[in-house]
Amino acid sequence: MSAPALPSPFRTCVFTGRRIHKDAEALVKANAVVAVVALLIGAIAALLLVLTRWQAVHLLPADWYYRILGVHGMNMLIFFIIYFEMAVLWFASTALLNARPAAPRLGWVSFGLMSVGALIVEWMQWSGKADVLFTSYPPLKAHPLFYLGIILFAVGALIMVGQFFATLVIAKREKTYEGSLPLVVYGAVTAAIIAVITLLHGAMIYIPTFLWSIGVIESVDPQIYRMIWWGLGHSSQQINVAAMVAVWYMLAALTVGGVVLNEKVSRSAFVLYVLFISMASAHHLLVDPGFGPAWKIVNTSYFMYMAVLASMIHGFTVPAGMELGMRLRGYTQGLFGWLRRAPWGDPGFSGMVFSVVVFGFVGGITGVTIGTEQINIIAHNTMRIPGHFHATVVSGTAMAFMAATYYLIPLVFRRKVAFWAAARWQPYLFALGMLLLSMGMTFAGSFGVPRRHWDISFSQAPFSVQFDPAVDLVLAVMGIGGIMAVTGALIFIAIAVKSVFFGEPLGEVVRGVAVAGIPQGLTHPPVHAANVDEINERLHRESSRWTGPTPGTMALVAVFLVAFVVYYFTNWKLLSVLWKVG
Amino acid sequence: MPSPEPTPQPEESPPLMQRLFDNVFLLLALGLVIMFVVYTGWGMWEILSMPQGTLP
C-alpha cells in the first residue's frame with residue numbers, strides 16, 4: 001500500500017508559470033498587509049501635520065503636533081517601508097528564484113517580533129509617553145518600552161534579512177537558477193545588505209539608550225547618539241532606494257518589456273550602493289561641531305558621489321531599457337513615439353514612471369545640492385530637508401511600492417484590483433500632490449522656514465520674526481499638495497484592502513483579452529516584434545554616435561543635467577549672497 | 001566506422017569581476033567594513049579625540 005502523496009508546497013503562477021512556495025507567499029502577504037496598515041496610520045498623521053504646518057489653518061495644538069510628527073515618522077519611514085521591503089525580500093528570494101524559503105516558521109517568529117515591537121511603539125507614541133520625535137535625540141527621554149519596541153522590531157527585521165540570505169544559499173545549492181542572480185534579485189540583495197548595516201547601527205544606539213532610560217547607565221552622549229543614530233535613520237532610507245530601483249527594473253520588464261541595457265553596468269551601480277550609499281548619513285551632521293571637515297567631506301562628497309553616480313546610472317538605464325524595449329516591439333517612431341504609445345492607463349507603469357522622474361528631478365537634485373557641505377549651511381534644519389526626502393522616500397519609494405502593488409495583487413493575492421477606474425488615475429493624483437508638497441516645502445525652506453516647528457509666527461515668543469510674504473503662498477501650495485497626496489494614499493489603501501480581503505478572484509485569465517482589474521502587462525505580456533533582429537540592427541546602424549539607440553532617453557537626460565547644473569550653481573550663488581565678502 | 005564521441009568542453013569559468021559581484025557575502029562584508037571604518041569608526045574617533053572644552 002503506498003502512502004498518500006503529500007500536497008505540494010508550491011503552486012504554479014498562472015501568469016508567469018513560476019513555482020510559488022505557499023509558505024513564502026503567506027509571508028509576503030502578511031508583511032504587505034501590515035505595511036498598508038502602517039501607511040494608513042502614517043497618512044492620517046500626514047494630513048494632520050500638513051494642516052498644522054499650513055500656517056493659515058494651524059490645526060493641532062503644540063503637544064499633539066510633536067506627538068503626531070513622531071507617529072508619522074515611525075509609521076512612514078520605518079514600519080510601512082520596512083514591512084514592504086520584507087515582502088519584497090521574500091518575493092524576490094522565492095518567487096523570482098523558484099526557491100523554497102529558509103525556515104518559514106522562523107519567518108513568522110520574526111514577523112511576530114516586528115509586530116509586537118511596532119505595536120508597543122504605537123502605544124507609547126499615541127499615549128504621549130514618547131514625545132521625542134522620530135529621532136529621539138537625548139537628552140529627550142521616552143518611556144523605556146518605546147526603545148524596547150524599536151529593538152524588538154529591529155531584531156525581527158534582522159532575522160528576516162538573515163532568512164533572505166539563507167534562502168539565496170538554498171536556491172544556489174538546489175540549483176533553482178543558473179548563472180548570476182537575476183538583476184531584480186540582485187537589487188533586493190543590495191537592499192538586504194544595506195538593511196544589515198542599518199539595523200546594526202540601530203542596535204548599537206538603541207540598546208544603550210534603552211539602558212539609559214531604565215537607569216542602568218547614567219547618560220548617552222548626544223553627539224555619539226546623533227552619529228550612530230543617523231547610521232540607522234538615513235541608511236534605512238537607502239534600503240528603500242535599492243528596493244525601489246529593483247522594483248523599477250521589475251515593472252519596466254512587466255509593463256512595457258523593458259530590457260536591461262547592460263548587466264555589468266547595472267550590477268556595478270548596485271555594488272556602488274552597497275559600498276558607499278550608507279555614508280550619506282553624514283549629511284545630517286554637516287553643521288555639527290564635533291566632526292572635522294575631512295570626515296564630513298569624505299563621507300558626504302567623495303564616497304557618497306559614488307552612490308550618486310549609481311543612482312544616475314539607474315536613472316538612465318531604466319528609462320533607456322524601457323525605450324529600447326518599446327522600440328524592439330515596433331514603436332520606433334520619432335524621439336518620443338515609444339513614450340506616447342506607452343500604457344499610461346496602467347497604474348503599474350504610470351506609478352513607476354512618476355517614481356523615476358520625481359525621485360531623480362526633485363529628490364536627487366535637491367539631495368546632492370543640500371548635501372554639499374558649504375551649501376548645507378543655508379538649508380540645514382529648514383523645510384528644504386523634508387522637501388527633499390518627501391521627493392525621494394514618498395514620491396520615489398512609496399510611489400514605486402504602490403505601482404508594484406497593482407501587480408502583486410493579481411500575482412500574489414490572486415485577486416483582481418478593486419475600484420479599477422480609481423486605480424488608473426490614483427498614481428496621477430498622488431504624484432501631483434506629492435510634487436506640490438515637496439516643492440512647497442523646498443521653497444518655504446529656501447525662505448528660511450524651519451522644519452519641525454509648530455508655529456512659524458512665533459506668536460508667544462519674546463521676539464518678532466517676519467518671513468517673506470511669499471511664504472504664505474508656498475505653504476498653501478504645500479497644504480493643497482499634501483491634501484491631494486493624502487487623498488491619493490487613502491484611495492490606494494481602499495483599493496488594496498478591498499482587493500485583498502473582499503476582492504474578486506482572478507478566475508480564468510486569457511492572454512490578449514483585457515480585463516478590468518488586471519494590469520495590461522499581465523493580460524498582454526509585452527513581446528518583441530516578429531522582426532526584432534532586423535529592428536535591433538537598424539536601430540544601432542541608424543542611430544547617432546552621441547545618442548545610441550535610445551535618443552529619447554538621451555534627450556531627457558540632457559534636460560535633467562541642465563536642471564541639475566542650474567539648481568546646483570543657483571545655490572552657490574545664494575550662498576555667496578548670504579556671506580558677502582568685502 | 002562509428003564516429004568518435006564528442007569530447008565534452010570544460011565549462012568556462014565566469015570572469016573575475018562577475019565572480020566577485022556574485023559573491024553576496026563578500027559584498028556584505030565589504031559594505032559593513034567600509035561603513036564601519038569610514039563613517040562610524042572614524043566618526044567615533046573624531047568625537048572621542050575632541051579636546052575637553054574649558055569654561056571661561
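## A walk through chains A and B

Start by selecting A558(A), which sits in helix α19 of chain A. Keep in mind as you click around that this is a predicted model. Is A558(A) buried or exposed? It has 11 C-beta neighbours inside 10 Å, and 12 or fewer counts as exposed, so A558(A) is exposed.

Now widen the selection to the whole of α19(A), residues 551-578. The helix has 28 residues, and from first C-alpha to last it reaches 41 Å, close to the 40 Å expected at 1.5 Å a residue. Which residues of α19(A) are buried? Colour G552(A), T553(A), L556(A) and N571(A) to see them. Then show what these buried residues pack against: α10 (304-328), α11 (337-340), α12 (347-370) and α13 (373-379), each in chain A.

Next stop: V50(A), in helix α1 (residues 22-53) of chain A. This one counts as buried because it has 24 C-beta neighbours inside 10 Å. Leaving out residues up to four places away in sequence, V50(A) touches M478(A), G479(A), G482(A) and I483(A).

On to helix pairs. Two packed helices are described by the angle between their axes and the distance between the axes.

Select α2 (residues 62-95) and α7 (residues 235-256) of chain A. They pack at an angle of about 40°, with axes 10 Å apart. That angle makes α2(A) oblique to α7(A), and the crossing is left-handed. To see the contact itself, show side chains for L77(A), I78(A), I81(A), E85(A) and V88(A) on α2(A), then S236(A), Q237(A), I239(A), N240(A) and A243(A) on α7(A). Coloured by class, this contact shows six nonpolar, three polar and one charged residues.

For a second pair, take α5 (residues 183-213) and α8 (residues 263-276) of chain A. Here the angle is about 10° and the axes are 9 Å apart. Why is α5(A) called roughly parallel to α8(A)? Because angles under 35 degrees count as roughly parallel, and this pair packs at about 10°. From α5(A), pick L183(A), Y186(A), G187(A), T190(A), I193(A) and I194(A); from α8(A), pick E263(A), S266(A), R267(A), F270(A), Y273(A) and V274(A). Those residues divide into seven nonpolar, three polar and two charged.

Finally, switch to chain B. It has two helices and zero strands, and of its 56 residues, 16% count as buried. Select where chain B meets chain A: the contact takes 20 residues from chain B and 27 residues from chain A. On the chain B side, the elements giving two or more residues are α1 (16-22) and α2 (24-48) of chain B. Which of them gives the largest share? That is α2(B), with 16 residues. Colour the chain B side by class to finish: 14 nonpolar, four polar and two charged.

Methods: Residues numbered from 1 in each chain as written. Chains lettered and ligands numbered in written order. Predicted model: local features only at pLDDT ≥ 70, side-chain atom pairs only at ≥ 80, totals over all residues. Contact = placed C-beta atoms within 7 Å. Helix = DSSP H or I, 4+ residues; strand = E, 2+ residues; numbered from the N terminus. Nonpolar A, V, L, I, M, F, W, Y, C, P; charged D, E, K, R; others polar. Axes fitted to C-alpha atoms, helices over the stretch in contact; angles between N-to-C directions. Parallel < 35°, antiparallel > 145°, perpendicular 65-115°, else oblique. Left-handed = near helix turned anticlockwise from the far one by under 90°. Expected span 1.5 Å × (residues − 1). Buried ≥ 20, exposed ≤ 12 C-beta atoms within 10 Å, placed from the backbone.
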